[in-house]
Amino acid sequence: MPANAPRLSQLSLACALACSLALASPLTTLAQGTAPAAPAAKSGEDQITLNFVNADIPSVAKAIGGPLGKTFIFDPNVTGSVNIVSDKPVSKDLAYHIFLAAIRLQGFTAVEGNGFVKIVKEADAKLTGGANDGKDAKSASQVMGDRIITQVFQLQNESAAQLATVLRPLISPNNYLAAYPGNNTLVITDYAENVRRISRIIASIDVPASTDVQVIRLQYASAVDVGNLLQRLMPETNVNPASPGTPPKLVIGVDPRSNSLLVRADSPAITTRLKALVAGMDIPTAANGNIHVVYLRNAEATKLAETLRSLMAGEQKSVTQPTTTTATAGTATASGTTQQTVAAPASTIQAYAATNSLVITAPDHVYNSLRAVIDKLDTRRAQVAIEALIVEVSTTMATEFGIQWQDLSGLNRTNGAQIIGGTNFGGPGQNIISSAANLATLGQGLNLGIVRGTVKIGDTEFLSLGALARAFEGDTRANILSKPVITTLDNEEGKIIVGQNVPFVTGSFTQTANSSTNPFQTIERRDIGLTLKVTPQVAEGGAVKMKVFQEVSSVAPANNTVKSADLITNKRSIENTVLVDDGDIVVIGGLISDDTKNNDTQVPILGDIPVLGNLFKYKSKSRDKTNLMVFLRPVVLRDGKAAAQLTGERYEYIRNQQGAFNKENSGVLAPLGGAELPAFTAPAAASTAPAPKAGGK
C-alpha cells in the first residue's frame, strides 16, 4: 500500500463528515437553476457542500446517497477515485448528478433499478436495462443526468432503417442503437441527456413531408397534355436504375375531370420548378386559331372522331356574356350590366388515319373537355383468346347373314320349255344376281358359293352361281377432336375456317347454233370443313359475353367419283350467345343420336319353316351412334405480358413438334431435317414506359 494511503483515507472521512455537517444545517442560500440537467434547490431544501479529493468511488457514493435515500450496488470491476470540489453548497439532486458525471469520466455509469442504483462499466450498462424502458417519450424528457436509459421511438413518417444511419454517430460507442423495420421503430440505449437530445432530433425529422400531394389547376391548357409533356421533360419522374425499389423523386398525376395536375415531390425546390413550368404553359391562345393535334395510342382515329363529333353536335350554338353599359344625362352618369348573346366559336374534329391522330380546332375550355373524353376512350382494349373444343365420338355396328339360291342352267337350252328360279336378297354386293355378273362386287365378310359354269344372256356372259352364302359383322368407332383457336379484340368479330373450298353447280344451259352445242355451267364455291365465328365482349367483372357461330360440314359421300352437281353436304351448326367467366369452359351445343336399322327378307312360307327356313332368309342389322359436343373456353388477355405468354406457349409447342418430326429416323433412311422456327424470345419490359405523345398546336 502506498505511504500516503492512511492520509487519503483520513481525508475521505473528513470530507464525508463535512458533508454530513452541511446536511444537518438549515438552508442559508436559495439557489435557482434553469438547466434541465441541474434542477435548482427549492425553498426549505437541504444543501450539500462537496469537497472530495482523490476519494474512492464507493465512499463518495455513500456520502451522497445517504441523504438521498439511495442504495448503491457496485460491480466488482468498479475501482478508482474522483475529485469533486464546490465553492458553495448545492442541492441534493444536483449533488447526485455531479456524482454521476464524475464517475462517467472514469468509464462507469449508474443504472437505476427498482429501489436501487447499480454502478457498472459503461460498456455493460446496455445489458442491464435502465430507466424509462418503453415508448413513453414524455417520461424520457423528465429523466436527466448521466444515467443510462433505454427508449423506443415509433416513427410515423420516416424510415427507421434510414434514420438509424444518421443517428448512429451521435450515440456513445459503448451504447446501443438499432432499427426494427417490422413496425418502423428505433431502439436507443444511452445516457439520459443524449437520449433527450436525440429525441428532439427525431421529432424535427419525423414530420409529414412539406411536399405532400398538391393540386395545380389549369385554366387554359389541357392537364393531360401538360402532364405527358412534363413526364418527358423532368428526369425526376424516372426510377433510378441503380435502386429500382426507390420511388421517383417526382410523381405527376392527371385529373381530367377538374383539368388539374396532382403533384408529389421529395423537395420543395422540385415543386417550385414544376409550378413555374406549368405557369409558363398555362396561357390563353387565340379564340379562333386554337388547333391541337392528339396522337392516339389504342383507339382508331376515324371511329373516335365520329364519336366526338356526335358529342359536339349537341353543343350550344350560342353563348351569353355579361356586358357593361354606361348612360350619361346632364351631369349624372348611370351604369349597368346586361346580358348579350354571341355566336359560339366553331369547333371541328378531323381524323388523320396515316398517323392515327385527331386534329381538333376548338377554344381552350372545349378542347379540355374533349381531351378528358379522349383520354378515357384511348385505352388499351383487352383481347380474348377463344379455344373451341369439338369432340365427336361415333360408333357404327353392322351384321349380315343370308343364303341365296339360283338355277339358270335352263338358259342354255335352245328348244323346249326352260325353267329358271332362285332367291335374290339385298342390294349390289349382296345379292346373287349382281355377284354372278361380277364377283368383284361382292361385299365385305365371308362369301361362299357354288359355280356351275357360265350362262349367256344376250351378249353378256354370267357365272352360273348356284348358291351364295354371306356372313358379315362390322364395328367402326371414331373419336374426332378439333381445337381451333382464335384471338380477337374485345367487341371485334374473329373468324377461322379449316377445310376445303368445294365447287357446287348452281345452273347450266346449252346454246345450239350452226349445228354445234356450247354447254355452259355456273359454279359456286363454298367452304366445307370447320368454321368458327365469334364476337366477344369483356365485362368489367371478368365475365365474357360471346356471340358464337360454329359449323362443322363435310361432303358425303367422300370420294372423287361424284360430280360437283351431285354433291351432298353434311352440316352441323350452332349459332347462339353465351356468357362465361374468364378461363372457364362452357358447352354451347351437342348432338346425341342413336340410329338402329333391322332388315329381314325371306321367301314366303319357306322362310317360316323351323331351322330349314334359314336357307330362304337374309338378315341385316346396323346401328349408328353419334355423340357430338362443342365447348368454348375464353381467356382474357388484358395486357401485352399475357398475350406474350400465350403466344410463347403455342409457339414452343409447334416448335417442339417440328423438332420431333425432323429427328425421326427409320433406321434405313437418315432424317432429312428441315426448317425450324427459332427459339421464342419474349419482349423485354422497358425500365420506363415511353410517354405517349401529347397534343400540340
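This is a predicted model: local features need pLDDT of at least 70, side-chain atom pairs count only at pLDDT 80 or more; totals for chains, interfaces and linings use all residues.

Colleague: What is the order of strands in the open sheet of three strands?

Modeller: Strands (E, at least two residues) and helices (H or I, at least four) are DSSP runs, numbered from the N terminus. Two strands pair if DSSP finds at least two bridges between them. Here the order is 15-19-18, with antiparallel pairing. Strand 15 (291-295) and strand 18 (348-352) are the edge strands, each pairing on one side only. From one strand to the next, the twist averages 20 degrees. Five bridges link strand 15 to strand 19 (residues 357-361), and among the partnered residues, valine 294 has leucine 358 of strand 19 as its bridge partner.

Colleague: Which strands does helix 10 lie across?

Modeller: Contact means heavy atoms within 4.5 Å. Axes are lines fitted to C-alpha atoms, for helices over the stretch in contact, and angles run from 0 to 180 degrees between N-to-C directions. Helix 10 (residues 364-377) lies across strand 15, strand 18 and strand 19, at about 10 degrees to strand 15. Helix 9 (residues 301-313) lies across strand 18 and strand 19, and runs at about 170 degrees to strand 18.

Colleague: Which residues of helix 10 are buried?

Modeller: Buried means under 20% relative accessible area, exposed over 50%, and partly exposed in between (1.4 Å probe, protein chains only). In helix 10 the buried residues include Val366, Tyr367, Leu370 and Ile374. The buried residues of helix 10 pack against helix 7 (223-233), helix 9 and strands 15, 18 and 19.

Colleague: How many residues has helix 3, and what span does it reach?

Modeller: The expected span of a helix is 1.5 Å times one less than its number of residues. Helix 3 (residues 92-105) has 14 residues and reaches 20 Å from first C-alpha to last, close to the 20 Å expected. Just after helix 3, glycine 107 takes a positive phi of about 90 degrees.

Colleague: Why does threonine 150 count as buried?

Modeller: Threonine 150 counts as buried because its relative accessibility is 14%. Threonine 150 is found in strand 9 (residues 148-154). Its side chain joins that of threonine 189 in a polar contact of 2.9 Å. A polar contact is a pair of N or O atoms within 3.5 Å; within protein, one must be able to donate a hydrogen and the other to accept it, and residues adjacent in sequence count only if both atoms are side-chain atoms.

Definitions and conventions: Residues are numbered from 1 along each chain as its sequence is written. Side-chain values use heavy atoms; hydrogens and water are left out.
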